[in-house]
Amino acid sequence: MDTYEGLGGPGLRRLETLCAGYALLGGAMLLATTVITLVSVLARYFFAKPLVGDFELVQVAVATCIASFLPYCQLKGGNIIVDFFTTGMAPSRQRAFDALGALLLSLMMLVLGWRAAVGATSVFESGESSMLMSIPIWITYALIVPGFLLTCFVALVDARRRLATRGTGGGDE
């Protein structure tokens, strides 16, 4: 279900394009992770010599993939909503609770993005790197920040949309 059906407008289309592009980037990284894992397993099986540091690459890629899929998932309404307590409520109240949930998600993503950025700076300054491949750890932190911040923005747009349609339920108040 398209959460933003009927809202249209160039701004929303740009946001959807940005989220889809970021998700595709995450998908490409996931595909690369799969290939790295396959090559490592085959090298271990046939030559008794796996790729050195393959798990380090997988860690970086998976963290980045998760962060890159979050904005698109939120935009499309793909996140799980536990509606056990709101099932019997009027649709306007359900939208209000959904808007509150979107606002809380936005706040959480803002905090995660902020702390990941602070962590990236701190780890960059310390020069910490991975054990086998010497990959700078700050890169992983830096790669997840845009996904968190984009999800924050999408959740704000979602909350605004839900609040804007709050009184238009047609007798469900």
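A residue is called buried when its relative accessible area is under 20%, exposed when over 50%, and partly exposed in between, with a 1.4 Å probe and protein chains only. By this definition S129, with a relative accessible area of 35%, is partly exposed. The structure is a predicted model, in which local features need pLDDT of at least 70 and side-chain atom pairs count only at pLDDT 80 or more, whereas totals for chains, interfaces and linings use all residues. Residues are numbered from 1 along each chain as its sequence is written, and side-chain values use heavy atoms, with hydrogens and water left out.

Helices are DSSP runs of H or I with at least four residues, strands are runs of E with at least two, and both are numbered from the N terminus. S129 is placed in the loop between α3 and α4. Contact is taken as heavy atoms within 4.5 Å. Not counting residues up to four places away in sequence, S129 touches S134, I135, P136 and I137. The C-alpha atoms of S129 and C19 are 30 Å apart in space, and the two residues are 110 apart in sequence. S134, one of the residues touched by S129, is also in the loop between α3 and α4. S134 counts as partly exposed because its relative accessibility is 47%.

Most residues other than glycine have a negative phi, and most peptide bonds are trans. S134 is not a glycine, yet has a positive phi of about 55°. A48, likewise not a glycine, has a positive phi of about 55°. A48 is placed in the loop between α1 and α2 and is exposed, with a relative accessible area of 66%.

The expected span of a helix is 1.5 Å times one less than its number of residues. Helix α2 covers residues 54-75, and its 22 residues should therefore span 32 Å; the C-alpha atoms at its ends are 32 Å apart, in agreement with this value. The bend at a residue is the angle between axes fitted to the seven residues ending there and the seven starting there. In α2 a kink of about 25° lies at F69, shortly before the proline P71. P71 is one of the buried residues of α2, which also include D54, E56, V60, A61, T64, C65, A67, S68, Q74 and L75. These buried residues pack against α1 (10-47), α3 (91-126) and α4 (138-164).

Within α2, A61 counts as buried because its relative accessibility is 7%. Leaving aside neighbours within four places in sequence, A61 is in contact with M29 and T33. F47 is 14 residues from A61 along the chain, and the C-alpha atoms of the two are separated by 25 Å. G21, found in helix α1, is partly exposed, with a relative accessible area of 35%. G21 and Y72 are 51 residues apart in sequence, with their C-alpha atoms 9.0 Å apart in space.

Helix α3 has 36 residues and reaches 52 Å from its first C-alpha to its last, close to the 52 Å expected at 1.5 Å a residue. Its buried residues are S92, R95, A99, A102, L105, S106, M109, G113, A116, G119, A120 and V123. They pack against α2 and α4. T121 is also found in α3, but counts as partly exposed because its relative accessibility is 42%. T121 and Y141 are 20 residues apart in sequence, and their C-alpha atoms are 8.7 Å apart.

Two packed helices are described by the angle between their axes and the distance between the axes. Axes are lines fitted to C-alpha atoms, for helices over the stretch in contact, and angles run from 0 to 180 degrees between N-to-C directions. The axes of α1 and α4 come within 11 Å and cross at roughly 145°. A crossing is left-handed if the near helix is turned anticlockwise from the far one by less than a right angle, and right-handed if clockwise; that of α1 and α4 is left-handed. On the α1 side L15, L18, C19 and Y22 take part, and these meet L143, P146, G147, L150, F153, V154 and V157 in α4. By class, this contact has ten nonpolar, one polar and no charged residues, where Ala, Val, Leu, Ile, Met, Phe, Trp, Tyr, Cys and Pro count as nonpolar, Asp, Glu, Lys and Arg as charged, and the others, Gly among them, as polar.
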